[in-house]
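Let's take a walk through this protein together, with the model open beside the text.

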Amino acid sequence: NEIFDSTFSDKKSLISYLTDKQPKILAVYTNLMTKLNVLDVIEQAKVLSPGIKIILGGPDVTYNTRDYLDNGADFIVIGEGENTIHELVDAILSNKDDFTAINGIAYLDEGEEVKTKPRIKVREVDELPIPNRDGIDISKYLKAWKDFHGESALNVSTQRGCPYTCKWCSTAVYGQSYRRRSVEKVVMDLNEINDKYNPDTIWFV
């Protein structure tokens, strides 16, 4: 897979990137703030490559699956996405036409919305790899923090989920759950950040 990081880019560059790469699958992280841009990208991507499959994930899609499907998304990943998208991409690339066995997705079948069984959450979050920070240009983030806040910073998450009950960011993806990473895994993450990027500060999220 390849990552297009839109944080320090623009829509024109993304469309140019898609035109050049012609990917079979485009997976997009979506939240309430990015919804209109995501819908525009879906529309343009379908024109550029009519056969492309669009997969959406993130907090906003969980409660608005039909809206996104009606506006061009092919699949919605509901909840935690790592294992779901792995199975889904394998199925798409194998040209399968039955997705009912893949838990944690929504899609349209002859105009009717299909929601499969909920995905069981990753019980041991230490099984997940350390994030692939090399997939994007971290130096731009370090510079932005330095320019605007006087110190460079990178973030580290020490858990999945949240102990509280609001319906905002975490609950839509992780449900009512709270699973902590081990101290050893977090320290491994911190050491890698220190060795590779050496930020002035760490932001625990």
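This is a predicted model: local features need pLDDT of at least 70, side-chain atom pairs count only at pLDDT 80 or more; totals for chains, interfaces and linings use all residues.

Residues are numbered from 1 along each chain as its sequence is written, and side-chain values use heavy atoms, leaving out hydrogens and water.

Five strands make up an open sheet with mixed pairing, in the order 1-2-3-4-5. Strand 1 (25-29) and strand 5 (112-115) are at the edges with a single partner strand each, so one side of each has no neighbour in the sheet. On average, neighbouring strands are turned by 20° against each other, direction ignored. Helices (H or I, at least four residues) and strands (E, at least two) are DSSP runs numbered from the N terminus, and two strands pair if DSSP finds at least two bridges between them.

Strand 4 and strand 5 form a hairpin with two residues between the strands, where Glu-110 takes a positive phi near 55°.

**Helices on the sheet**

Helix 2 (residues 35-48) lies across strand 1 and strand 2 (53-57), and runs at about 165° to strand 2. Helix 4 (residues 82-93) also packs on the sheet, where it touches strand 1, strand 2, strand 3 and strand 4, and its direction makes about 175° with that of strand 2. These angles run from 0 to 180 degrees between N-to-C directions, with axes fitted to C-alpha atoms, for helices over the stretch in contact. Contact means heavy atoms within 4.5 Å.

**Two residues**

Is Thr-84 buried or exposed? Thr-84, which sits in helix 4, has a relative accessible area of 0% and is therefore buried (under 20%; exposed is over 50%, partly exposed in between, with a 1.4 Å probe and protein chains only). Not counting residues up to four places away in sequence, Thr-84 touches Val-77, Ile-102, Asn-103, Gly-104, Ile-105 and Arg-119.

Gln-22 belongs to the loop between helix 1 (11-21) and strand 1. With a relative accessible area of 38%, Gln-22 is partly exposed. Its contacts, again leaving out residues up to four places away in sequence, are Leu-48 and Ser-49.

One cavity of 30 Å³ or more turns up in a search of the whole structure. On a 1 Å grid over the protein atoms alone, a cavity is a set of points where a 1.4 Å probe fits but cannot get out, a pocket is an open set with protein on both sides within 12 Å along at least five of seven lines, and lining residues have an atom within 4 Å of a point. The largest cavity has a volume of about 30 Å³, and Thr-84 is one of its lining residues, along with Glu-80, Gly-81, Glu-82, Asn-83, Arg-119, Ile-120 and Val-122.

The second largest pocket holds about 200 Å³ of space. It is lined by 13 residues, and the closest to its centre are Ile-78, Gly-79, Lys-121, Ala-172 and Val-173.

Conventions:
Grid points are joined across faces, edges and corners, and a volume is the space filled by probe spheres set on the points.
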